[in-house]
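Dear colleague,

I am passing on the structure we spoke about, and below it you will find my notes on what turned up. Please read them with the model open beside you.

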Amino acid sequence: MPHTPSITRTRMGALLHATGMVTEAAAREALAAAAGYADRALTPYETARALEEFGVAVSAHGDDVDSLGESYAALLARAARVAGGGVAITDVRLVRGEGEFADGRADRVEFDRDDVRVSVPAEHFADDYLDHFAACRAVARTVHRDDPRSWRSVDFPREPHATYDSIMVLATPEQAESLRVRLGLRIG
């Protein structure tokens, strides 16, 4: 039976560079930041999270946040940077709906995308937890229409009762397939 080498940040950096997702300089920079642990084997969740360290992914926080509006704004700003700034994302705000959290309050995440107002429905059950579906739909709007890449959800085996961030990677179909095959991640 052939031995499959462990996934490490070092191996990930080489793969991301080989697939054109990062430059050699960007891979070196991320690995320098992780110098003390770059060759440590990663769990599947750590593998998914490490994509963010290389500047090709963003994550929506899975635990409580201080401010819903500020958290959505920060997430969209990070996504726009990862996407290379091909679209301008401005004036991000949370528009609160009517009703109580117990019933799932129907809010909206609104922002301007190249000066055109975008509204993404969001359902919140508390004032300090993001709607991950809304976050992913909003992040998808940060890529320029001519960009061959798109935001894709990253999935991995999960432990019961654990809290995980939602991770989205910006990749072409070929790059996503390479991440699936070489890193063992499920890319949606």
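R152 stands opposite V169 in β6, and five bridges join this strand (residues 166-171) to the antiparallel β5 (residues 150-155). Helices (H or I, at least four residues) and strands (E, at least two) are DSSP runs, numbered from the N terminus. Helix α6 (residues 173-183) packs on the sheet and touches β5, β6 and β7, its direction making about 130 degrees with that of β6; contact means heavy atoms within 4.5 Å, and axes are lines fitted to C-alpha atoms, for helices over the stretch in contact, with angles from 0 to 180 degrees between N-to-C directions.

The model is a predicted one, in which local features need pLDDT of at least 70 and side-chain atom pairs count only at pLDDT 80 or more, while totals for chains, interfaces and linings use all residues. Residues are numbered from 1 along each chain as its sequence is written, and side-chain values use heavy atoms, with hydrogens and water left out.

The sheet itself is open, with four strands in the order β1-β6-β5-β7 and antiparallel pairing (two strands pair if DSSP finds at least two bridges between them). Its edges are β1 (57-60) and β7 (186-187), each of which pairs on one side only.

The largest nonpolar core has 28 residues, and V58, Y72, V109, F111, V120, V139 and W151 have the most contacts inside it. Such a core is a set of buried Ala, Val, Leu, Ile, Met, Phe, Trp, Tyr and Cys residues joined through side-chain atoms within 4.5 Å, buried being under 20% relative accessible area with a 1.4 Å probe, protein chains only. To this core α4 gives the most, with seven residues.

Best wishes

Technical notes
Buried < 20%, exposed > 50% of the residue type's maximum accessible area, 1.4 Å probe, protein only.
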